[in-house]
Amino acid sequence: MASFTPSDVDLAAKFTQFLKDSDCQNQYSEERLRLLEAEQASSWDSKARLEASDVEREAAAIVRTIREMERDDPTLFGNQAGESIPDSETRDMGGQFLTNRSRIQESKIYSIAREMPKGGHLHIHFNSELHPNILLQQAKDMDTMFIRSIRPLLGKDDLDETEVVFNVLPVGTKSSNVFALNYNSDHGDTNSNPWMKFKDFCVEFRQKFKSDPLDWVRSKAALSEDDVYRQSQTLNGVWARFNQGTRCFKGLLNYESVFRWYISAAIDSMIEDKIMYAELRPMLLDKTIPSDDGLQQLCHSDQMNIIVEEVSKKKKDLEAKGQLELFPFGLKIIYCTPRSIPKPRMTTEMLDCIRLKLAYPDLICGFDLVGAEDRPNSISYYRDELLAFVKTCESLGIKIPFLFHAGETLLDTGGSKDPENSNLFDVVLLNSKRIGHGYSILKHPKLVEEFKKKRICIELCPVSNELLNLCRNIKQHPYPAMLQQGLECTVNSDNPALFSSTLSYEFYQVMVGSTTMSLHGWRQLAEWSIVHSCLNEDQKEEALGYWRQRWDEFCVWIVKKFGPVAKEAEV
Ligand SMILES: O=c1[nH]cnc2c1ncn2[C@@H]1O[C@H](CO)[C@@H](O)[C@H]1O
């Protein structure tokens, strides 16, 4: 209880007097400024901010102005705060990626993201760099390309429900009929032949369903808006759908001529996306790919030889055009195997990886376990094998760093019911050089400290995390907090063909997903993609040199091209 009750007039007068207390107000403002400055000084991008040239600062201001202009622009997104319910054309900037994708293509920030020199691409699954279009165009005319469905395709429902895979088989292989009532898809049944020649399939599909078979296969490969965001979707459901997509892709590209062509086309597509180097992750549990006639099988060494040959051809082409700086270091390969296999199989996988490293020391650069993390096994399940792998490598004088997928989960229990099985503990103990995703790392403040001490880099895959239902949109993704905690990160597209994404889209997403992201942040992320790569120290220096030159040109380009637009927006 107050000791006395002032009159209304006295109360108002007192309040008015304190409203003019400039000492108190100034002190508050100073303290606020101190807090702001303290946060900015310790900010993850402060180095890039401090080192920024004048033109870089100007470019950063322009990018910020344009981003905020596009947030409100009714022709792009236009979601303004207010009581009236927006019309059906209104979108949120930084809302659902697949829903916004066509708007993003119209955006200036996206056109800037496309021009951005991105450094290295450190997390991309081998089969999903390129869109299925070209793969299907090639497959449809082959006499040796076969398709298998997990059920007969009798009606529309079957088209929706089935899964299809592809394989290259010798010309004489008997072709089955996927559209027949008695079609038996059972691979294991010796009386059944589940494969139908894809050429025949296309003809019959067109007749029966009066639509384009290639469009239908495309829809089976890439994830759709409905697959990702529909109300009844579940985490396991979207993963199962995603795994169907990866299996569908596999046979379309894993045969000799396309595998060879793919390396060169993948590099072209990376150069187009302003990427100067990449570490690709093939699934090497599969030991062979067929030759085009389906009569021979190419082993890992044959496949690695193709990669080495195609990379060196590409380098020669670039050199002849005086453009070697666009992709000077070629590719490296991260050996991937699933986390679902039994221990003896894991031992075989590790021995295969070591043998490949010994044969291709400059090509093989790491070892990774892949597959949904909410399913067995956790990394610690393979403790003995992983420790033996480290010791064996040491004894041979070779280095195969771990580049594990980890923390790509909301449950964070390593596929069990027990949080103590989180893979994030093991990646620290096993000295993982980088980890893929790391989405759940902020649940472990002690591990964050360890990551910082050991400089374990996190390969962010923002679109992947949204499409595999860890978050609903980029604004919900924890990357701004991860960066602000001092975790060093890179930006990656994981499975661009399945996610209808590219690295440019990913950089667009991180720019619009947080108001604290800026051109300076982009710069830091790109630099880390070189610093944390598996290139050697000399190559890193060289790469940073090329990259800085291109970055400076990029900043000048932004100012020249978008400066006038940003000025207009300000008045
Ligand atoms: O984001 C991911 N997390 C874990 N595993 C993945 C991810 N993306 C792809 N794969 C796995 O890598 C193999 C080759 O593409 C596939 O088995 C796929 O499931």
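**Notes on the predicted model**

1. Strand E1, which covers residues 119-125, deserves a separate look. Because 7 of its 7 residues are buried, with 20 or more other C-beta atoms within 10 Å of each residue's own, strand E1 is largely enclosed by the rest of the structure.

2. The pairing of E1 can be followed residue by residue. Strand E5, residues 275-281, runs parallel to E1, and the two are joined by 5 bridges; within this pairing, Ile124 has Leu280 of E5 as its bridge partner.

3. As for the chain as a whole, its secondary structure comprises 24 helices and 13 strands. Its radius of gyration is 27 Å, whereas the globule rule gives 25 Å for 571 residues, and because these values are close the chain is as compact as a globular protein of that length. Taken along the principal axes, the box filled by the C-alpha atoms is roughly 100 × 60 × 55 Å.

4. Two further totals describe how the chain is packed. Buried residues make up 43% of the 571 in the chain. Among contacts with a separation of 6 or more, 76% are between residues 24 or more positions apart.

Technical notes. Residues numbered from 1 in each chain as written. Predicted model: local features only at pLDDT ≥ 70, side-chain atom pairs only at ≥ 80, totals over all residues. Helix = DSSP H or I, 4+ residues; strand = E, 2+ residues; numbered from the N terminus. Rg over C-alpha atoms; globule rule 2.2 N^0.38 Å. Buried ≥ 20, exposed ≤ 12 C-beta atoms within 10 Å, placed from the backbone. Contact = placed C-beta atoms within 7 Å. Pairing = 2+ DSSP bridges.
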